[in-house]
Amino acid sequence: MAIPAQYQEPADAAARRAVPPVTVYTLDKLPDFDRSFYETVRRDMTLVDTVVVPPRDARAFEVPAGHLFRIRNNEGTQVGDLNLWNADDLSERFYSGKTRALHATHISTGDRLWSNFPRFRPMATITHDTLDWYGFDEFGAGVHDVIGTRCDPYTNHMLTGTDYNYCCHSTLTRALAAAKGLPLAEAETHVHDVVNVFMCTGYTRDTNEYFMKASPARPGDFIELFAEINLLAALSTCPGGDCGAGHSSDTAPCFPIHIEVYKPQEEHLKGWQPTPSNSYGGGNNAD
Ligand SMILES: [Zn+2]
């Protein structure tokens, strides 16, 4: 809050605060994370594509349904911002808020990346994460956040009065425009809230403000995802580098991020199907 509270606590404030929380969603109703299936799929897979995202830039790449992709921190500690679309329909895209509500503020192995309404389905499943040891630290921070959005030139201009064109929002826009042959203004409307891959963030304990700290990622760390549908992805290399100090400027050391796309052995995918769309058929009608 920007100003001190204007209202006095009621006499029973302590009792009201002591009400125990309940988890909002019944996670045991989510589609099961079949660990043995995903562990089998990632055995003996074939590298079919590699993409290197240069520093302070972004690249788009496709991942067919049933393939996997790794985002690698090979050369130095570097945060990446990930966008996902249905490769066949850009109107279906990653839904950060619902992913956060269903899983957690930070995601790791076994969590899904959900798409927006009305299809609302897992677009990808995290199958491996070499940073899963981090958990949550003494500040409440975790890795791979879905609580931040992406650094952008509008917020930067509002706060600093300067124009900076290498924010993740802008590089993601340019990468999508190049991949789909779209004008920048149209591509921008498809860029959405991201998974902040490798980024270490949390909310301050006292005021619940968003904070970041230097990513714990080391060379060789990677996160791996299984494409549940045909994906178009875009990944930016944040101008904040490890995001230990700032972003939206050219001051932080930045490094490339390596992306690898893998095709599993066909027999390991027997019986597997791309995720169907959500089957709610009510059309938001009142009756
Ligand atoms: Zn950024």
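Alanine 185 counts as exposed because it has 9 C-beta neighbours inside 10 Å; a residue is exposed with 12 or fewer other C-beta atoms within 10 Å of its own, buried with 20 or more, and partly exposed in between, the C-beta atoms being placed from the backbone. This is a predicted model, in which local features need pLDDT of at least 70 and side-chain atom pairs count only at pLDDT 80 or more, while totals for chains, interfaces and linings use all residues. Residues are numbered from 1 along each chain as its sequence is written.

- Alanine 185 belongs to helix H6, which covers residues 184–188.

**The chain as a whole**
- The protein chain contains six helices and 13 strands, which are DSSP runs numbered from the N terminus (helices: H or I, at least four residues; strands: E, at least two).
- A box of roughly 65 × 50 × 40 Å, taken along the principal axes, is filled by the C-alpha atoms of the protein chain.

**The interior**
- Of the 287 residues in the protein chain, 40% count as buried.
- The largest nonpolar core has 58 residues, of which Leu84, Leu231, Ala233 and Leu235 touch the most other members; such a core is a set of buried Ala, Val, Leu, Ile, Met, Phe, Trp, Tyr and Cys residues joined through C-beta atoms within 7 Å.
- Leaving aside residues up to four places away in sequence, leucine 84 touches Arg93, Phe94, Leu113, Met123, Ala124, Leu231 and Ala233; contact requires C-beta atoms, placed from the backbone, within 7 Å.

Notes: Contact = placed C-beta atoms within 7 Å.
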